[in-house]
Every structure is written in structure tokens, then in C-alpha cells.
Amino acid sequence: MTDASLPSTEVETSRRRRFFRAWPPAVLLALAWIAFIALVSIFADWLKPYDFMALDLRDRLAEPVFMGGTFRHLLGSDELGRDVLSRLIESVRMSLVIAFLSTLIAAAIGVSLGFLAAHFRGWVEQVILGAIDFMAAIPFLIIALAVLAFFGNTLTLFILLMGMHGWERIARITRGLAIAAKEQGYAAAASEIGASPFRVYGAHILPNIASTLIVAMTLNIPEVILLESGLSFLGLGVQPPLTSLGNMVGYGREYIQTAPWILLSPAVVIILTTLAVSVVGDWLRDRLDPTLR
Amino acid sequence: MSALLEVEGLVKHYHVRGGGGLFGAPVVLKAVDGVSFAIPAGRTLGLVGESGCGKSTTARLVLGTLARDGGQVMFDGEPVGSVRDTRWRAQRRAMQMVYQDPLSALDRRLTVGKQVVEPALVHGLGASAERHEKALTIMDAVGLSSRFFDRYPHELSGGQRQRVVLARALILSPKLLVCDEPISALDVSIQAQVINLLVDLQEKFSLTYLFISHDLKVVRQVAHEVAVMYLGRIVERGDPEALFHAPAHPYTQALVGAIPTPRTRGRARAALQGDPPSPINTPPGCSFHPRCPRAEARCRSEAPLLRPLADGRFAACHFPVLSTPAREAA
Amino acid sequence: MLGYVASRAFRALVTILLVLTFAFFILNATGDPAILILSADAPPEAIEAFREEWGLNAPLWKQYIGYLWNLAHGELGRSMRDGRDAWAVVSERIPVTLAITIPALIIKLVIGISAGIVAALWRDTWVDRLVMAFSVTGYTVPSFVLGLALMLVFAVQLGWLPAAGADSWRHAILPIITLGVAGAAVLARFTRSAMLEVLGQPFIRTGLAKGLVWRAVVIGHAFPNAAIPTLTIAGFMIGSLVAGAVVVESVFAWPGVGRLLVSAVGNRDLMVVQAILLLVTVTMVSANLIVDIVYGFVDPRLRTARGGQARGGT
């Protein structure tokens with residue numbers, strides 16, 4: 001019995017080792033966190049114990065459970081008696097939606113411009129490369145501040161503006177990959193059967209370069225989260241009554257001495273989320289595309 | 001009989017920077033320099049030459065996938081352009097290409113079936129079910145069973161991949177297939193199979209081939225006529241057997257002599273002297289003269305034209321070898 | 001070389017002009033400063049007078065030409081809030097910002113580069129892991145969270161340092177540390193990967209094979225080559241000396257350019273925002289220009305590749 005079980009445990013250990021080499025524990029934890037907050041934002045409406053704007057004036061600045069508070073407000077309440085947990089859930093959803101939509105916008109702009117540059121070359125390419133250099137040289141946060149101030153701030157505009165962040169990197173990557181792909185046989189072959197450029201780029205080149213683009217997009221997400229929370233922290237991002245993670249930290253700053261829990265939980269969520277997405281992005285990059293740095 | 005494909009005076013020059021770094025004056029690389037030929041429907045023209053002689057460029061010029069600098073290509077009575085307009089796209093239905101490296105010509109992200117169907121989809125032929133049916137028929141014709149339909153290119157062997165490339169070309173029922181070194185990337189054991197398949201398919205679908213190879217031996221197996229290219233020009237053209245047994249141009253002679261056969265093995269061959277000159281600095285006169293054992297003063301000053309010989313062949317040489325068997329010419 | 005510098009400088013100028021134009025039209029076309037500043041329910045006569053005073057009734061292109069004309073004469077306009085010269089309003093904040101960004105830059109460079117080199121030389125050891133962990137946290141923690149955390153610990157809990165304001169040098173310590181830590185993390189990561197890449201190159205292995213001492217190889221060959229990618233990041237950091245502290249200044253109520261910008265944006269003070277934008281763009285672009293020129297000296301290949309028109313013999 002004992003000598004029969006020995007090889008099987010060895011097999012077990014080596015299998016486990018192989019599993020953890022392919023899926024490092026840090027990556028698994030990061031994926032678990034991302035899945036968790038994704039689920040939270042999808043089911044936000046069911047998970048929130050209160051409406052995130054509901055006031056509870058009898059129970060203002062209530063302490064969270066872990067600081068001796070009651071279960072009435074798990075993570076405490078803020079200066080107007082709004083439930084921190086409910087606001088946190090709503091904020092997670094807002095920040096994730098902004099990060100995700102902005103990255104999609106950046107990817108759409110970047111991929112289109114990258115393909116245009118690769119397809120037409122010549123002066124079109126020069127103009128696009130110039131725009132990429134320009135974008136990389138200007139202080140985006142400052143421009144964003146200025147635009148927000150003078151456009152007035154709506155959520156749509158804010159998401160569009162955040163979508164301007166990072167497109168230049170995706171455009172540069174796309175252009176390089178598309179030019180390389182055009183020199184490989186499959187794209188030329190598709191074009192030589194009479195396929196239109198839309199088909200060549202959309203149905204052939206795009207799927208072939210998708211893994212690299214997904215990595216680049218993943219690495220863009222934490223940057224947008226940080227940018228969004230920074231602007232919201234300054235009071236120039238997501239506007240009340242809507243709330244986002246940066247927003248909560250920004251308002252919670254006033255109560256840092258008396259009620260630090262207001263900013264504690266959103267700050268932790270920002271850090272964990274950017275950390276998790278970066279870890280997963282780096283891991284994806286190493287796995288899918290070691291050439292991208 | 002009028003030819004399916006007529007090529008007249010095809011020219012492709014590249015302007016490149018010369019040596020000497022950035023100070024070099026721009027020079028002209030004559031990749032294709034006045035090539036003419038015609039292929040009757042249902043026949044095969046073999047185009048032979050060393051790498052860099054302009055064979056593949058000729059193929060791309062014929063198909064109109066590369067803009068030419070001069071000359072004219074008539075396909076089925078219509079001129080072939082290189083501007084990708086509606087007519088260009090329509091012409092793709094009738095003229096298709098078979099590539100040297102099947103793995104790079106196939107999209108590794110799509111299944112074999114999707115890629116075989118794609119040309120029909122692009123040209124809007126038939127309904128979805130018909131296209132599927134047609135793809136299976138064509139795959140069967142090139143010797144691929146239907147179980148390959150959902151496989152990906154990397155799961156296939158080299159020979160099978162080349163069959164996929166063929167099926168993809170044939171689904172449009174083209175008249176002309178341009179085969180650019182279709183077997184040189186394949187294992188030797190597979191090469192004969194693919195050659196036989198090409199010959200069978202020609203008969204079955206009454207195809208016309210422009211067959212490009214560096215290997216005279218392979219061309220001899222498939223071609224009805226052979227053209228030998230050297231530095232962007234055709235130096236000899238004619239019946240493969242005649243050309244093989246009695247090459248008229250010294251360059252053809254050298255090529256034939258380079259083929260190892262039981263009889264020539266161990267004996268002196270008509271080896272080429274010197275390096276192939278680059279197409280940038282083509283020598284004056286006959287471009288072959290620096291390597292030619294028979295070169296005389298006239299060859300250095302005057303470029304020979306492609307002229308008919310007594311037996312109906314054509315050669316571009318001032319002093320063609322007439323009816324001398326290759327093996328003795330050494 | 002001269003041609004290379006000239007073409008770089010030309011591009012820098014074009015970039016500045018583009019940013020100014022972009023900003024001018026975005027800012028002027030999107031809102032009516034008169035209404036934004038005086039609020040919509042202000043008496044119409046007041047709005048009209050305001051417009052008249054600031055030349056807002058002229059067509060936009062005339063305003064634009066006028067703006068450029070004044071700019072060329074060193075006039076950046078007057079603050080719409082208090083009527084002071086916009087440049088005066090901005091320039092008095094510059095030293096305040098530099099007082100925290102320059103020490104922070106030194107921290108970034110010293111800690112970031114040395115940590116990166118150490119991590120690369122002792123790759124896959126605990127030193128490397130420690131540096132990388134520090135680096136990852138450094139750039140996933142937003143600067144406002146880091147700043148608030150430092151404030152909570154060192155000012156609120158321990159009471160060692162003041163929490164906010166700018167009354168003494170002790171007020172500067174927390175902002176400097178906040179800025180320095182985040183930048184050092186980014187720089188450490190870049191330096192490490194640049195060093196690793198260089199250490200893997202054939203010429204390093206050749207140097208070792210030739211019997212050169214490891215230290216000589218690292219100092220003589222690896223450092224200069226790894227310096228090039230690091231230079232880009234350092235240049236970016238120098239370029240953001242003036243405006244890289246917007247968030248941190250706001251956290252610590254440090255009255256620098258960044259806070260001025262946030263309040264000017266809040267006040268819709270067009271002229272001040274434009275002046276800051278000009279200042280930031282010029283420093284950013286000049287820093288890039290300097291980096292490009294230094295590149296040209298460090299790596300002669302780039303002169304021809306990037307300058308385009310450069311001659312072979314320079």
C-alpha cells in the first residue's frame with residue numbers, strides 16, 4: 001500500500017509543479033481579484049446594501065465593523081451618512097467601465113491609424129507618425145485638465161477623453177505589426193485572391209496580431225484607472241452625484257483624521273486592481289509576445 | 001491559335017541607392033528587362049534561372065500584383081493592370097498563384113476549410129452551402145480528405161499545405177495558375193507527388209501554367225516549353241527536350257551541365273566561371289559574357305537579341321551552340 | 001550634426017505651435033469665458049462689458065492671431081480673475097514647484113538607477129525580487145494614495161512632520177518623498193530591463209571571454225549602452241519638473257504651478273491656463289530636444305537614422 005502510493009504522490013507533485021509554473025500563484029491571485037471585481041461591477045445593483053446616494057443622517061461617520069462599528073454599515077458611512085460599501089461597489093463599477101471603454105476607444109483609434117499608416121505608407125504614414133510623436137511629447141494630464149475645465153464635464157466626454165490616452169502606443173505597435181504582416185505571405189496571398197483591404201486587415205492581419213494588441217490593451221487599463229482616479233481625486237473627473245474610486249478618495253481626504261475609513265477602502269481597491277491588471281498584463285506579455293516590451 | 005497569356009517587353013526597374021553609403025548615386029536595378037512570351041491555353045511554360053534572375057518578379061508582373069515599368073500583359077484578350085480596381089479583382093478569378101512556401105502563404109489563425117472557401121466568398125460565388133460543397137470537391141480533387149476541413153495549417157505536413165494552397169487557388173476555377181517554385185520548399189519525397197498532382201490537375205481542369213523553378217530537371221517534367229532567364233532577360237526558349245539535350249545558349253549549357261545524372265557524375269561539367277554579376281551593374285554587351293567560355297570581342301559590346309534558330313528554338317547569343325550534345329560540349 | 005539639431009529643433013517648434021493652437025481653439029471654442037466666469041445669470045450689460053474688455057467679440061481667428069502676436073512680443077495676457085499679468089501669476093509659482101520637484105528628481109535618479117543596476121547585476125536573487133516588488137508597488141499605487149498614506153502615518157499618527165502647507169522646509173519632505181518614490185520605481189524598472197538587455201549582448205560576452213574583469217566590462221561597456229533607453233525616461237522626468245506635481249501639490253496643499261493650474265481650471269481663468277500650458281509644453285519639448293541631441297552624441301547611428309537628411313561624414 002505504502003510503496004504503491006509513493007509514485008502516485010510523485011506524479012501528483014510534478015503535476016502540481018507544472019501547473020504552478022504555467023499559472024504562477026501571483027497571477028492566479030490577480031486573476032481571482034479581477035474576476036471578483038468584474039462580478040461585483042456586473043451585479044452591483046444586487047450587491048449594494050443601500051442606494052449609493054441614500055443619506056442616513058442619524059448615522060453619519062459611522063465606523064466600519066473592523067474598527068468597532070456596527071453591521072449596519074459594514075465599511076462605515078461618510079459625512080452625510082452614505083454607506084461606504086454601497087458607494088465603493090458603485091465606484092468600482094464606474095471606474096472599471098471607464099477604464100474598459102476608454103481602452104476600447106484607444107484601441108479602436110490606435111488600430112485604425114496603425115492600419116492606415118501601414119496600408120498607405122507615404123505621407124499618410126508620416127502624418128500619423130507625426131501625430132504619434134506629438135501625442136507622446138505632450139503632457140496629457142495637463143491637456144486633459146484644460147479640456148475638462150472648459151468643455152464642462154459629462155461622463156461621455158470624460159470617457160472619450162480618457163480614450164485619447166494610450167492610443168499612440170497601440171497605433172505604433174499596430175503599424176509595425178501590420179507592415180511586418182504585409183510582407184509575410186498570408187496577407188499578400190489574401191490580397192492576391194482579390195480580397196479587399198478591409199478583409200485583408202480585418203479578417204487576416206487583425207486576428208494574427210490580436211494577441212499582442214490584447215497585451216497592449218491590458219497594460220493600458222491600469223494607466224487609465226490611475227489617470228481617471230487622479231483626475232477624479234482633483235475633483236475634475238467623475239462628477240457628483242456619480243462616484244468613482246478616485247472621487248471617494250478625494251472627498252474622503254477631508255476626513256483623513258477623523259474618519260480615515262472613507263478613503264481607505266477605495267484606495268485599497270485602486271491599488272489591488274491596478275496591481276492585478278499589471279501582473280496579468282506582464283504575464284500575458286511574457287506568454288503571448290515576449291518581443292513587446 | 002491565339003495564346004491565353006501574352007507578355008510583351010515586360011520591364012521592371014528598381015531605383016536603388018548605389019554603393020558608397022549615402023554619397024552613392026542612385027542606380028538602376030534591372031530586375032526584369034524586356035521579357036516576352038506567350039502561353040497557349042492548356043499548356044505549360046517553364047521559366048528557369050538562378051535565384052535573382054527575375055523569375056519571381058516576372059510572375060508578379062504577369063499577375064499584376066506588382067506595377068510594371070514597361071511592356072504589356074494580355075490575358076484572355078484583356079490587358080492586366082496593377083491598379084487594384086474592379087477589373088483587377090475580377091481578373092483574380094481567372095488567374096491564381098501557387099506560392100513557394102505554403103506555410104507562410106496560409107493564415108495560421110484560420111482553418112483549412114475557411115481558407116479554401118475564402119476566394120469564393122470574396123468573389124461572391126454561390127450560397128454558403130454551395131461554397132462549402134465546392135470546397136470539399138476541390139479538396140478531394142487535390143487529394144485532401146474532408147477531415148482536414150477543420151484543421152489548422154500548422155497541423156498539416158508540407159505537402160498537405162501545398163495542396164491547401166492549390167485548392168484555394170482552384171476553387172475559383174481559374175484558367176491560369178502561376179506556380180512560383182511550388183515544390184522547392186517541400187521534402188524531396190513529396191516533390192514528385194505534387195508534380196504529378198499538378199500534371200493531373202492540368203488535364204482535369206484544362207489549366208494553363210506558368211511554372212517557375214530554378215531546377216531545369218523539374219521544369220522538364222511539366223513544361224511544354226521552357227524559357228531560360230538570365231539577369232532579367234530570356235536567353236533561350238524552346239522545346240524542353242531539345243533544350244535539354246542540345247542547349248544552344250552557353251548559359252543553358254551550363255545549367256544542363258550542372259544537373260547531376262548518372263552519366264555526367266564524376267566527369268568535368270561546363271561549370272560557370274565567376275560570380276553571377278549583380279543586376280545593378282549589368283555588363284555592357286551580352287550580360288553573360290564575363291562568365292561565358294565562348295565570349296569574343298563582339299559579346300562585350302553588342303547585346304544579342306532573341307533570334308530563332310534552325311530547329312524552331314530561340315536563343316539570345318551571337319555564337320549559339322548548334323546541335324552539339326550537351327555532354328560533349330564540356 | 002548641425003542639420004540633425006536643426007531638424008529636431010524645427011520639430012520641437014512645430015509641436016509647441018500645435019499644442020498652443022489646439023489649446024486655444026479647444027478652450028475658446030467650447031465655452032464662453034464671459035458666462036463661465038460671470039455665471040449665466042449675470043446682468044447682460046456686465047457680460048457685454050466683460051466681452052468688450054477681453055476682446056471676446058472679435059471673430060475667433062482674429063483672437064487667435066492676436067494671441068500669437070502678443071505671444072511673440074512676450075505678452076501672455078492678463079488673468080481674467082484679478083487682472084494681473086498671467087505670466088507673473090504663473091512664474092511666481094515656478095520656484096515653489098521646483099523646490100519639491102528638483103530634490104525629488106535627484107531621489108528618483110539616484111535610487112531608481114542604482115536599484116535598477118543592482119537588480120540587473122544580481123538577477124533572480126532576493127535583491128532583484130525586492131527591487132522589482134518595490135518597483136511594481138511604486139507604479140501601481142497612485143501618488144495621491146501614497147501621499148495620503150504618508151501623511152496619515154508621519155503627520156497624523158506620529159506627528160513628526162506637518163501634514164500640509166508650505167511654511168517651512170519640513171513641509172516639503174513628504175511631497176518630495178511621495179514624488180521621488182513613484183518616479184524611482186519607474187526608473188528602476190527601466191534601468192533594470194535596459195541593463196539586462198545590454199548584458200545579454202554579444203559584445204559583453206566577448207568582453208568577458210577576452211578575459212576582461214567583470215567590473216571593467218560592466219562599467220566600461222554595459223553602463224554607457226544601458227544609459228540610452230534610461231535617458232528617455234530621465235528626459236521625460238526633467239520635462240515634467242514644472243507640471244509633474246499637480247496631484248501631489250494638491251494632496252499637500254503645496255502652492256506650486258500644479259495647484260495654480262487646478263484652481264485656474266476651476267475658476268475658468270483662460271489666460272492663466274494657457275500660460276501654464278505654454279510653460280509646460282516648452283519645458284517638455286525642450287527636454288525632449290535635449291535628450292534627442294544627447295542621443296546624437298551618445299549614439300551616432302541615430303543621427304542618420306532619425307535626422308533623415310544628415311550627411312554620412314558628420
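Which residue lies over the face of W88(B)? That's R92(B), sitting 3.9 Å from the ring centre. This is a predicted model, where local features need pLDDT of at least 70, side-chain atom pairs count only at pLDDT 80 or more, and totals for chains, interfaces and linings use all residues. Residues are numbered from 1 along each chain as its sequence is written, chains are lettered from A and ligands numbered from 1 in the order written, and side-chain values use heavy atoms, with hydrogens and water left out.

**View 1. Arginines over rings in chain B.** Besides R92(B) over W88(B), R147(B) lies over the face of F148(B), 4.7 Å from the ring centre. A charge sits over a ring if NZ of Lys or CZ of Arg is within 6 Å of the ring centre and within 35 degrees of the ring normal.

**View 2. The aromatic pair F115(A) and Y201(A).** Searching the whole structure turns up six aromatic pairs over all chains (Phe, Tyr or Trp rings, the six-membered one for Trp, with centres within 6.5 Å; planes under 30 degrees apart are stacked, over 60 edge-to-face, the rest tilted). F115(A) and Y201(A) make a tilted one, 4.9 Å centre to centre with 45 degrees between the planes. F115(A) is buried at 11% relative accessible area, and Y201(A) is buried at 8% (buried is under 20%, exposed over 50%, partly exposed in between; 1.4 Å probe, protein chains only).
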